[in-house]
Amino acid sequence: MFAILKLLLLSISSQLNADQGFDVRRHLCTVTRYDVAKDIANTSAAAANNIPNGCTPIHVNLVARHGTRSPNKKRMRELDKLASHLGELIREAEEQNLSLEKVPSWLRRWKSPWRGKLKGGELISKGEEELLQVPRASASAVAFGMGFLSEKGGLGPAQHQSFTVTSEIPASDIILRFHDCCGNYKDFKKKQEPAVDKLKEPVLDEITTALVSRYGLKFTRQDTATLWFLCKQEASVLDITDRACGLFSPSEVVLLEWADDLELFILKGYGNSINYRMGVPLLEDVVQSMEQAIKANEGKSSCQMLDSVC
């Protein structure tokens, strides 16, 4: 089964290489930036206004992912462990008088760009720019609001309109943080994670073998997984695609992306009904807010529009 899948993905990556060149930034799973995924510049205008003449929006619901952000604290610790292990591998090779010619120079003394950071998961400037045109935390909501309401008011040169942002305590917010509040989901995820890791092992093992052969260092499966995470962070957060990402061939990137997608499908997507059933309170809240907006505006205009963006 894995062999068939591998042939299919290799065919796809080869076609991408031949047709348009391979851009690793388009294969970062959920870390892919908006501007890259949609092939638009961060500074480009928002989508064209397609509101029919004579109609006025009376209510907007927007459910969107957060903007590009830095690694969380758990991931930063993982990167620090990677740096430590890479140092051990380099020293081991030197003690055995092995050639390091095949090892990229940046890898020999690499340290995590986020070492020493006390906080993680913050929205970065790139994420703020993304959300000014398209909106995880209140910072994302503020950045989106600034872009959405620009030239809609009279505040400052950009003519911003004032707005408020309200947040619920994550541990009790069943509308937006249902994955943190649902005990059944937490149990399901904990039980399924070992099986998902087992499904990803053939991909990681094959690529680990290739990396060992290519660079002459005794990488482990965990090293490969963390180097792939580093690749995604460097490409999306730091705009660096020729270091960690450069360790992998295009076909390996496609396989790693598939492994990410598989994990998301089972643990967070349509792989199990609890993944979407626990989001019912959010859908219910959206529908109720739409109905309330319609009721509040009944009879005020001959042409009204309710716009819900999900």
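A disulfide, as the term is used here, is a pair of cysteine sulfur atoms within 2.5 Å. With that cut-off in mind, I turn to the cysteines. The sulfur of cysteine 181 has its closest cysteine sulfur in cysteine 182, at 8.6 Å, which is too far for a bond.

Before going further, a note on the source. This is a predicted model, in which local features need pLDDT of at least 70, side-chain atom pairs count only at pLDDT 80 or more, and totals for chains, interfaces and linings use all residues. Residues are numbered from 1 along each chain as its sequence is written, and side-chain values use heavy atoms, with hydrogens and water left out.

Let me return to the cysteines. I shall call a residue buried under 20% relative accessible area, exposed over 50%, and partly exposed in between, with a 1.4 Å probe and protein chains only. Cysteine 181 is partly exposed, at a relative accessible area of 28%, whereas cysteine 29 counts as buried at 17%. How many disulfides does the structure hold? There is one, formed by cysteine 231 and cysteine 245, whose sulfur atoms are 2.0 Å apart. The torsion about their S-S bond is about 95 degrees, so the disulfide is right-handed. Cysteine 231 lies in helix H9 (residues 221–238) and cysteine 245 in the loop between H9 and helix H10 (250–267), so the pair ties together parts that are 14 residues apart in sequence. Both cysteine 231 and cysteine 245 are buried.

Next, the overall fold. Helices (H or I, at least four residues) and strands (E, at least two) are DSSP runs, numbered from the N terminus. On that basis the protein chain has 12 helices and two strands, arranged along the sequence as α-α-β-α-α-α-α-α-α-α-α-α-α-β. The chain has 310 residues, of which 35% count as buried.

I come now to the interior. A nonpolar core is a set of buried Ala, Val, Leu, Ile, Met, Phe, Trp, Tyr and Cys residues joined through side-chain atoms within 4.5 Å. The largest such core has 39 residues, and the members touching the most others are Trp110, Leu217, Phe219, Leu230 and Phe248. At least two residues of this core come from each of helix H3 (73–95), helix H4 (105–108), helix H8 (183–215), H9 and H10. H3 provides the largest share, eight residues. What does phenylalanine 219 contact, leaving aside its neighbours within four places in sequence? Taking contact as heavy atoms within 4.5 Å, phenylalanine 219 meets Leu86, Leu89, Leu107, Thr208, Leu211, Val212 and Leu227.

The charged side chains follow. A salt bridge is a side-chain nitrogen of Lys or Arg within 4 Å of a carboxyl oxygen of Asp or Glu, and the whole structure contains 10 of them. Arginine 75 and glutamate 78 form one of these, at 3.0 Å from N to O. Both residues lie in helix H3, three residues apart, about one turn of the helix. Arginine 75 is partly exposed, at 31%, while glutamate 78 is buried, at 17%.

Two further bridges connect separate helices. Arginine 221 pairs with glutamate 201, their closest N and O atoms 3.3 Å apart. Arginine 221 lies in helix H9 and glutamate 201 in helix H8, so this pair ties together parts that are 20 residues apart in sequence. Glutamate 252 pairs with arginine 214, the closest N and O atoms being 2.7 Å apart. This pair links distant parts of the chain, with glutamate 252 in helix H10 and arginine 214 in helix H8, 38 residues apart. Glutamate 252 counts as buried at 8% relative accessibility, and arginine 214 as partly exposed at 30%. Through shared partners, salt bridges also join Lys198, Glu201, Asp205 and Arg221 into one network.

Finally, the backbone. Most residues other than glycine have a negative phi. Asparagine 97, in the loop between H3 and H4, has a positive phi of about 55 degrees and counts as exposed at 71% relative accessibility. Aspartate 239, in the loop between H9 and H10, has a positive phi of about 60 degrees and is partly exposed at 40%.
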